[in-house]
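Dear colleague,

I am passing on the structure we spoke about, together with some notes on what turned up when I went through it. Please have it open beside you while you read.

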Amino acid sequence: MSAAPLVGYSSSGSEDEAEAGARVRPGTGGCSRGQSPLPSQKLPVPDSVLDMFPGAEERLADDSAKHGGRVRTFPHERGNWATHVYVPYETREEFLDLLDVLLPHAQTYVPRLVRMEAFHLSLSQSVVLRHHWILPFVQALKDRVASFQRFCFTADRVKIYTNQEKTRTFVGLEVTSGHTQFLDLVSEVDRVMEEFDLTTFYQDPSFHISLAWCVGDARLQLEGQCLRELQEIVGEFEDSEMVLRAHAEQIRCKSGNKFFSMPLNQVPGET
């Protein structure tokens, strides 16, 4: 069994996973040749002047040690905002109890697995927006999903994923009901991506909740026997059908450190 491709992610513990497959629009940076003085001629620029240009194309140092050894797929440049659209997954105590059983078992095969800090289901790859595109982008999303209603979904199939470069591996729970509604949402998100000349989602996405991740390609250790045992744990967990059934109530867009929420409409008669 081969691991499924990763759908984009962006959360406090997985922002770099979302960057797989993202692209930077061309022509957004650089200085004209012949305009920079020699090093000996440079004078210090006052902070008050530097603060006037927060969107300047200044490359920042990227220390992989600060984010668990992950290496960014695209460079972090000031003024470029990594952006990701997703449905947040609100955890309940029973879900965390299940995770407390699943993760230690998976770690007997791959000890370096780390629990995710937040949970969600992606509707987009991670893309790069210039700062002045963020609000128009979010408004376009709101317009596109304004008519969508809330829906229920179930994610109860254990599956192993990798990012496109095979540099990170994830243990996830794949959606087994509600797939059509997620596809409908992705269709509208893709239209917004096309409007802004950004990368659309995967052709045949596997909607899922990532539970844990590790650096490197760990498919060999996690697929086969480990995967079967993890699925057995899910199947035998008390009330697992109810524990892994959830409501999609909002869409969220994360751009840099900014979050934008778009509530889905209540179903008529719903309280």
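Helices and strands here are DSSP runs, a helix needing at least four residues and a strand at least two, and they are numbered from the N terminus. On that basis, the secondary structure of the chain comes to 7 helices and 11 strands. Please bear in mind throughout that this is a predicted model.

The chain has 271 residues, of which 46% count as buried. Among contacts between residues at least 6 apart in sequence, 81% join residues that are at least 24 apart.

The average pLDDT is 80, and 70% of the residues score at least 70. Among the elements, helix α1 (residues 47–50) has the lowest mean pLDDT, at 47, whereas strand β8 has the highest, at 98. Residues 7–43 have a pLDDT below 50, although this stretch makes 89 contacts in the model beyond near neighbours in sequence. The pLDDT is likewise below 50 over residues 48–62, a stretch with 23 contacts beyond near neighbours in sequence. Where pLDDT is low, the predicted coordinates should not be read in detail.

Which residues does UniProt mark with the feature "active site"? The record, an unreviewed entry, places this feature at His120 and His208. The side chain of His208 reaches the backbone oxygen of Ser206, at 2.7 Å.

Of its 8 residues, 7 are buried, so β8 is largely enclosed by the rest of the structure. Ile209, which lies in this strand, counts as buried at 1% relative accessibility. Its C-alpha atom is separated by 5.3 Å from that of Gly172, although Ile209 and Gly172 are 37 residues apart along the chain.

Which strands pair with β8, and how do they run? Strand β7 (residues 168–177) is joined to β8 by 7 bridges and runs antiparallel to it, and within β8 it is His208 that stands opposite Glu174. Strand β3 (residues 114–115) is also antiparallel to β8, and 2 bridges join them; here Arg115 has Ala212 of β8 as its bridge partner.

Finally, there is helix α4 (residues 179–195), whose 17 residues reach 25 Å from the first C-alpha to the last, close to the 24 Å expected at 1.5 Å a residue. Its buried residues include Phe182, Leu185, Val186, Val189, Val192 and Met193, and among them are also the acidic residues Glu188 and Asp190. Just after α4, Asp197 takes a positive phi of about 60 degrees.

With best wishes

Note on methods
Residues are numbered from 1 along each chain as its sequence is written. Side-chain values use heavy atoms; hydrogens and water are left out. UniProt positions are given in the numbering used here, feature names are shortened, and annotations may be inferred rather than shown by experiment. A polar contact is a pair of N or O atoms within 3.5 Å; within protein, one must be able to donate a hydrogen and the other to accept it, and residues adjacent in sequence count only if both atoms are side-chain atoms. Buried means under 20% relative accessible area, exposed over 50%, partly exposed in between (1.4 Å probe, protein chains only). Two strands pair if DSSP finds at least two bridges between them. The expected span of a helix is 1.5 Å times one less than its number of residues. pLDDT is the predictor's confidence in each residue, from 0 to 100. Contact means heavy atoms within 4.5 Å.
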